[in-house]
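Visitor: I've got the coordinates open. Can you walk me through them?
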Amino acid sequence: MKPQIAELLSTAVAELKSQGIVPQELEPRIQVDNTRDKAHGDLASNLAMMLAKPAGKNPRELAQLLCDALPASELVDKVEIAGPGFINFYLSDASTSSLVKTVLEQKQQYGRSNEGAGRKVQVEFVSANPTGPLHIGHGRGAAVGDCLSRLLEATGWDVTREFYYNDAGAQINNLALSVQARCKGLTPEDAGWPQDGYRGEYIIDLANSFMAGDTVESEDQSFTGTQNADDLEAIRHFAVAYLRREQDLDLQAFAVDFDVYFLESSLYSDGKVEETVKTLIDNGYTYEDDGALWLRTTDFGDDKDRVMRKKDGGYTYFLPDVAYHLNKWQRGFEKVINEQGADHHSTITRVRAGLQALNAGIPKGWPDYVLHQMVTVMRGGEEVKLSKRAGSYVTLRDLIDEVGRDATRYFLAARKADSQLTFDIDLARSQSSDNPVYYIQYAHARVCSIFRKLAEAGHSWSEEQGLAALSALTLDSEKDLIVKLGRFPEVVRNAANNREPHQIANYLKDLASDFHTYYNSEKTLVDDVELRNARLTLAEAVRQVIANGLDLLGVSAPQEM
RNA sequence: GCGCCCGUAGCUCAACCGGAUAGAGCAUCGGCCUUCUAAGCCGAGGGUUGCAGGUUCGAGCCCUGCCGGGUGCGCCA
């Protein structure tokens, strides 16, 4: 509804310009806000206050002139000037009716838009090292990244979800050595245990599986344990394949699907790393010092230069990172969003600097980043730090097993990503209105239940009848509910543009609350056929919007609880 | 020490591009089931938005400086 109101105001501004009241050259950004207080109508604009100074008039006077210049519209019942110069709009029954109609007509499409116009965007998220099960931080990344992807899809973008596996480098050697030690029966307490070796129990399972000659199948490879504890190469392959499969299963349980799994090792085997080094050297941004090859990232805003090739001849992670992002660019992703833990924040400047040094025509601020802060897990009022299986951290699987997929997804996506998050297991498990997931799902199930009751009572309802009866909705609570439904498309757009999936969660909680209140105060299945059909129509619209919203979060919308 | 994030009710969190009297839930206290699911609803109390300045018609939001918490500052990823 906002765009329509903005349009009216725009016309009024043009009128005032032609009267010479507002300077011609002024192009005000027309802002229409939701009102917080019903006494201020349904929508409000601060336009008069914005224009007051350049027009040399006081705000209220200008507001009056704007109101006088507003074209007539059947969407608006009345317009008021209030406070320091706000213009308040009261929506008409015709406009609320049309909102309900729009919801029912568009169904699953309601709230979606085509702002992205089919342009390509890549969202890289999770990107865990294949050195252990996914932990809760990865879970947050998965929830936020997937919801963000869904939001971008809902706003018309062509989204590619991508997972980058750091399956090369030092940490993989460490993994292989840890598994090998377990194959040989060593424990972390023994003298021969590798320094900084992985101590989790899953390493024992992995070693046992390797020594049993199991075969690990994943999407793109199959590898059989050779049962030879001295064959470190075989152990390495097996371990990586094993843990990738394990992470895939975790993600499956979380209902997150990736389009592309990109292997760091492929950058080496395809010669991309070498190519990147060569370009950087050719471009003159490198130098050798202390036996290592450095990139002058300070030329591009970094606070110190970075080593690309170590003294021992191996590359640091930094170089494949640059090669990888060049590859993304070459694949045609003009927009890339990397969702990662804020503890990896320092890579941002580095990667962007490396990309600039390639002189590849990549924009300075490319790619975008969304960072999420740490997650703390609470149970019984105490912090949970360990999982049996992983040893040092809480796994995503533990959470899904304990509180379920829907609640886990909701809780991890419902908070602003750049705030630290406390995950309360007791709350997430509780099946009461304390738990926002159940609260929202229950609102959906309630509508379904009403329709079941309707059928049991031998009555029927159709969209056509319902829409025709809408004028029977005369209560303030009904109008408020409809206005809230009308905000959904804008909430989706804001959430997508600001990369803030939590806005969807907040909106849904709010809508569910309004619906529960309404449900308790007004009976839907009344004897008056007109009123019954009208209320059923409103209920169905609410159900549709909740279902659409939950879908954006990747949370199910149950028919009954 | 430097960079980044955060600081809002006892607790967990909102506040759409800077808008009007800062909102929910939990917890506390008090109500509501013969009625479409009580997995719900209604009401009450609870705030100097960490502190101090600044910008302006207007600041929780923007700027500066402090204070507190987190995180990063590897030839680890």
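Visitor: What is the strand order in the open sheet of four strands?
Guide: The order is S1-S2-S4-S3, and the pairing is antiparallel. This is a predicted model; local features need pLDDT of at least 70, side-chain atom pairs count only at pLDDT 80 or more, and totals for chains, interfaces and linings use all residues. Residues are numbered from 1 along each chain as its sequence is written, chains are lettered from A and ligands numbered from 1 in the order in which they are written, and side-chain values use heavy atoms, with hydrogens and water left out.
Visitor: Which strands stand at the edges?
Guide: S1 (32-34) and S3 (76-82). Each has a single partner strand, so one side of each lacks a neighbour in the sheet. The twist averages 30 degrees from one strand to the next. Strands here are DSSP runs of E with at least two residues, helices are runs of H or I with at least four, and both are numbered from the N terminus. Two strands pair if DSSP finds at least two bridges between them.
Visitor: How many bridges join S1 to S2?
Guide: Three, with S2 covering residues 43-45. Asparagine 34 stands opposite leucine 43 in S2.
Visitor: Which helix lies across S3 and S4?
Guide: Helix H3, residues 59-69. H3 runs at about 165 degrees to S3, and S4 is 86-91. Axes are lines fitted to C-alpha atoms, for helices over the stretch in contact, and angles run from 0 to 180 degrees between N-to-C directions.
Visitor: Switching to helix packing. At what angle do H5 and H20 pack?
Guide: About 130 degrees, with the axes 7 Å apart. H5 is residues 136-154 and H20 is residues 529-553. The two are therefore oblique to each other. The cut-offs: under 35 degrees is roughly parallel, over 145 roughly antiparallel, 65 to 115 roughly perpendicular, and the rest oblique.
Visitor: Which residues make the contact?
Guide: Cys147, Arg150, Leu151 and Ala154 come from H5, and Asp551, Leu552 and Leu553 from H20. Contact means heavy atoms within 4.5 Å. By class, the contact has five nonpolar, no polar and two charged residues. Ala, Val, Leu, Ile, Met, Phe, Trp, Tyr, Cys and Pro count as nonpolar, Asp, Glu, Lys and Arg as charged, and the others, Gly among them, as polar.
Visitor: Now the open sheet of three strands. What's its order?
Guide: S10-S11-S12, with antiparallel pairing. S10 (286-289) and S12 (306-309) stand at the edges with a single partner strand each, so one side of each is left without a neighbour in the sheet. Neighbouring strands are turned by 45 degrees on average, direction ignored.
Visitor: How many bridges for S10 and S11?
Guide: Four, in the antiparallel sense, with S11 at residues 292-295. Aspartate 289 has alanine 292 in S11 as its bridge partner. Helix H10 (residues 272-282) lies across S10, S11 and S12, at about 70 degrees to S11.
Visitor: And H11, how many of its residues are buried?
Guide: Eleven of 13, so H11 is largely enclosed by the rest of the structure. Among them are Phe318, Asp321, Tyr324 and Lys328. Buried means under 20% relative accessible area, exposed over 50%, partly exposed in between (1.4 Å probe, protein chains only).
Visitor: What follows H11?
Guide: Glycine 332, with a positive phi near 95 degrees.
Visitor: Last one. What share of chain A is buried?
Guide: 52% of the 561 residues. Chain A has 20 helices and 17 strands.
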